[in-house]
Amino acid sequence: PLEEQPGYKKVKIAPKTDSRLKWLSAQYESRFGWIRSKWQYIDDNTIRYDIEVPVLSEIIIGDDVYNVEKGLYTFYSTN
């Protein structure tokens, strides 16, 4: 949760990948619904992120910041 929006009224998701793992998935049931984050290596250089949020959220992928509404989002990045 963001400090200025307590109680999961707004969340910040900033996945940290690790090349020693092929993928990682996490989820949390907040009072507003499920927060889910998954990343996986598609190949040696490409990472796919699948993120689901139930509220307004800030998603950080590398240097890119996305302010999004409730929904399911897919992002791709390269190493």
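Figure 1. Phe75 in β7 is the bridge partner of Tyr49. The model shown here and in the other views is predicted. Strands β4 and β7 run antiparallel and are joined by eight bridges. Along this pair, Arg48 stands opposite Tyr76 of β7.

**Figure 2. Ser77 in strand β7.** The strand that holds Ser77 is β7. With a relative accessible area of 18%, Ser77 falls under the 20% limit and is therefore buried. A polar contact of 3.3 Å links the side chain of Ser77 to the side chain of Tyr49. Beyond its neighbours within four places in sequence, Ser77 is in contact with Asn45, Thr46, Ile47, Tyr49 and Ile61.

**Figure 3. Asp50 in strand β4.** Asp50 has its place in β4. Its side chain and that of Arg48 are joined by a polar contact of 3.0 Å. Asp50 is also the bridge partner, in β4, of Lys38. When residues up to four places away in sequence are not counted, Asp50 touches Arg36, Ser37, Lys38, Tyr73 and Thr74.

**Figure 4. The β3-β4 hairpin.** A hairpin of four residues leads from β3 to β4. The two strands, β3 and β4, pair over six bridges in the antiparallel sense. Of the eight residues in β4, six are buried, so β4 is largely enclosed by the rest of the structure.

**Figure 5. The open sheet of four strands.** The strand order in this open sheet is β2-β3-β4-β7, and the pairing is antiparallel. The edges are taken by β2 (23-30) and β7 (71-78); each has a single partner strand, so one side of each is left without a neighbour in the sheet. On average, and with direction ignored, neighbouring strands of this sheet are turned by 10 degrees against each other.

**Figure 6. The largest nonpolar core.** This core has 14 residues, and those touching the most other members are Tyr49, Ile51, Val53, Ile59, Ile61 and Phe75. At least two residues of this core come from each of β1 (11-13), β3 (33-41), β4 (46-53) and β5 (57-61). Strand β4 gives the largest share, with four residues.

**Figure 7. The surroundings of Ile59.** Ile59 is one of the core residues that touch the most other members. Its contacts, leaving aside neighbours within four places in sequence, are Ile13, Ile51, Asp64, Val65, Tyr66, Val68, Tyr73 and Phe75. Among these contacts of Ile59, Ile51 and Phe75 also belong to the group of core residues with the most touching members.

**Figure 8. The setting of the close-up views in the whole chain.** The protein has seven strands and zero helices. From the N terminus on, its elements run β-β-β-β-β-β-β. The radius of gyration is 13 Å, close to the 12 Å given by the globule rule for 79 residues, so the protein is as compact as a globular protein of that length. The C-alpha trace spans about 35 × 20 × 20 Å along its principal axes. Of the 79 residues, 32% are buried. Among contacts with a separation of 6 or more, 38% are between residues 24 or more positions apart.

Technical notes: Residues are numbered from 1 along each chain as its sequence is written. This is a predicted model: local features need pLDDT of at least 70, side-chain atom pairs count only at pLDDT 80 or more; totals for chains, interfaces and linings use all residues. Side-chain values use heavy atoms; hydrogens and water are left out. A nonpolar core is a set of buried Ala, Val, Leu, Ile, Met, Phe, Trp, Tyr and Cys residues joined through side-chain atoms within 4.5 Å. Buried means under 20% relative accessible area, exposed over 50%, partly exposed in between (1.4 Å probe, protein chains only). Contact means heavy atoms within 4.5 Å. A polar contact is a pair of N or O atoms within 3.5 Å; within protein, one must be able to donate a hydrogen and the other to accept it, and residues adjacent in sequence count only if both atoms are side-chain atoms. Two strands pair if DSSP finds at least two bridges between them. Axes are lines fitted to C-alpha atoms, for helices over the stretch in contact, and angles run from 0 to 180 degrees between N-to-C directions. The radius of gyration is taken over C-alpha atoms; the globule rule is 2.2 Å times the number of residues to the power 0.38.
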